[in-house]
Amino acid sequence: MSVAAKKSTRASEHFDVLIVGAGISGIGAAYHLKHQTPGTTFVALETQDSFGGTWITHKYPGIRSDSDLHTFGYRFKPWVGPPIAAASEILRYMEEVIEENGLNPHIRYGHTITKAEWSSADNLWTITASRKSDGATLTFTCGFLWMCQGYYRHAQGYTPDWPGMSDFKGRIVHPQTWPEDLDYTGKRMIVIGSGATAATLIPAVAAKTSHVTMLQRSPTYFIPGRNAIEIAEQLRALDVDEAWIHEITRRQILKTQDDFTRRSREEPEAVKAELLAAVKLFLGEDYDIDTHFTPKYRPWRQRIAFIPDGDLFQGIASGKASVVTDEIERFTAKGILLKSGKELEADIIVTATGFDLSPQGDIGFTVDGRTVEMKDTVTYRGMMFTGLPNMVWVFGYFRASWTLRVDIVADFVCRLLKHMKKRGAARVEVAIPEHLKNMELMSWIDPEDFNPGYIMRGMHLLPKRGALRDWQHTQDYWGEKDEMPKIDLDGEEFVYGGVKVDA
Ligand SMILES: Cc1cc2nc3c(=O)[nH]c(=O)nc-3n(C[C@H](O)[C@H](O)[C@H](O)COP(=O)(O)OP(=O)(O)OC[C@H]3O[C@@H](n4cnc5c(N)ncnc54)[C@H](O)[C@@H]3O)c2cc1C
């Protein structure tokens, strides 16, 4: 038994590792701990009543992935369905991972973590959580905190405060908190926004509504295409083992995405022309693509949603859906008055206006009694943070599937835990080496490179990034997949301490 465990008498329970959240990151973390560090005790605490995170929070019609499930799925469990999947299919896949790997006993639902207090005397985190079933406040101790809380507040989405909202006589709905009783049959709906959510929702509701209007301030890029991956279909026809199909398909998708990312930087105009040509195929030459589907930014500065079978564009071509590109002056009793002077009437207004960034999962951190906020730290490779010992946060990729990073970070954490054991260390922290003390510090990401609204609104809450690659979340899967396994855990940026007697 470790010194840490002996000292945990004041807490209800002690675990070597405590995972925050049971979304795709938390379940991945649990899987890897179980397989890569047998004997490690761990628990995942999850606010909600079930696993899935994003995929149970969002219940709006049509909710589906916007990237393929071969790479949004884990590397260790083949995805056997079509690449773009509904939330229910993703939840089923996650359920199989939990069941096949005996992860259920490691997950506690209905537990909201409110505080995480690090003690350097004990080299332990003390975690305070409230239990939904009886309102009890529980404490846990853990040696290592694995933050898998995602990046946005689940309880509610972001809705701008437009003038006159209370004048509107119809219903205003945010997709993140979609009311179960919302009947939109035969109703006029306006969806504000043109991101992945709007693009998913509109084709799903178009047939039932009398009309749905996508109201956007500015256009977004989309990639319409068949919801199938040719190489996966070919290999399946040859009766190739699903594990092989998964691996080969992942490699092909990642190669294509790598080429696309590079081309978006090197020849943005050519990529733009290709994307717009694909939209034109659905909407025809007479449609005003310039106004409604030609963004001002170069491709890949914001996430590009894949539109399976071009269903959004089919809805527009059929006349059941339409696009208005304008700005909101104010809400009125009947709908929305636009800056152009035009009024759009509606029975239901859906604000697909994004997320409320929450980098700490609404957890208050202290280190030896002193409050530490993410925004005051500098990140080591977008996963560890100066001044926050024994902690990792999984923040995925923007231009590749989030889960690719879940697997990569998990390999790193498991290697780090084993290394600490070997060294007999109870504590590890990242620190900027003395000779880099003057390294320039900047915002978490470069807005020139990537600038979605929720990040721009919440950048002040995010950790800082340094000028050198080691001190950044590079968003570069293709580099990280080779670099992360080679990180020298005895490198100068890792500061170890404490003594673990069971080493
Ligand atoms: C509608 C939608 C579609 C998306 N589609 C894609 C896609 O196709 N491809 C892609 O790569 N990315 C996509 N994303 C991004 C997506 O959020 C991530 O890919 C991924 O699902 C995040 O997983 P996660 O487990 O890290 O976080 P989340 O899914 O956000 O889960 C975090 C969990 O932690 C819990 N939690 C948070 N704080 C606490 C606390 N204090 N105590 C206890 N529990 C806590 C939450 O309740 C939640 O269940 C999409 C996002 C949205 C909203």
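1. K77 sits in the loop between α4 (69-72) and α5 (87-100); helices (H or I, at least four residues) and strands (E, at least two) are DSSP runs, numbered from the N terminus. The model is a predicted one, in which local features need pLDDT of at least 70 and side-chain atom pairs count only at pLDDT 80 or more, while totals for chains, interfaces and linings use all residues. Residues are numbered from 1 along each chain as its sequence is written, and side-chain values use heavy atoms, with hydrogens and water left out.

2. K77 has a relative accessibility of 10% and counts as buried (buried is under 20% relative accessible area, exposed over 50%, partly exposed in between, with a 1.4 Å probe and protein chains only). Leaving aside residues up to four places away in sequence, K77 touches Y93, E96, V97, E100 and H246, where contact means heavy atoms within 4.5 Å.

3. R236 belongs to helix α7 (residues 230-237). R236 is partly exposed, at 30% relative accessible area. Residues up to four places away in sequence not counted, the contacts of R236 are H70, W79, V80, E242 and I245. V80 is 156 residues from R236 along the chain, yet their C-alpha atoms are separated by 9.4 Å.

4. Helix α7 packs on helix α8 (residues 242-266) at an angle of about 155°, with the axes 9 Å apart. Axes here are lines fitted to C-alpha atoms, for helices over the stretch in contact, and angles run from 0 to 180 degrees between N-to-C directions. α7 and α8 are therefore roughly antiparallel to each other (angles under 35 degrees count as roughly parallel, over 145 as roughly antiparallel, 65 to 115 as roughly perpendicular and the rest as oblique). On the α7 side I231, A232, L235 and R236 make the contact, and on the α8 side E242, I245, I248, T249 and Q252. By class, this contact of α7 with α8 has 5 nonpolar, 2 polar and 2 charged residues; Ala, Val, Leu, Ile, Met, Phe, Trp, Tyr, Cys and Pro count as nonpolar, Asp, Glu, Lys and Arg as charged, and the others, Gly among them, as polar.

5. For helix α9 (residues 268-283) and helix α11 (residues 311-318), the axes come within 8 Å and cross at roughly 40°. That angle makes α9 oblique to α11. The residues that meet are V279, F282 and L283 in α9 and F313, Q314, I316 and A317 in α11. By class, the contact of α9 with α11 has 6 nonpolar residues, 1 polar and no charged ones.

6. N227 is in the loop between β10 (222-225) and α7. With residues up to four places away in sequence not counted, N227 touches P82, P83, I84, F306, P308 and D309. N227 and G310 lie 83 residues apart in sequence and 9.3 Å apart in space, C-alpha to C-alpha.

7. A disulfide is taken as a pair of cysteine sulfur atoms within 2.5 Å, and by this rule the count comes to 0 disulfides. C142 is in no disulfide, the nearest cysteine sulfur being that of C148, 12 Å away. For C148, the closest cysteine sulfur is in C414 at 11 Å, too far for a bond. C142 is buried, with a relative accessible area of 0%, and C148 also counts as buried, at 6% relative accessibility.
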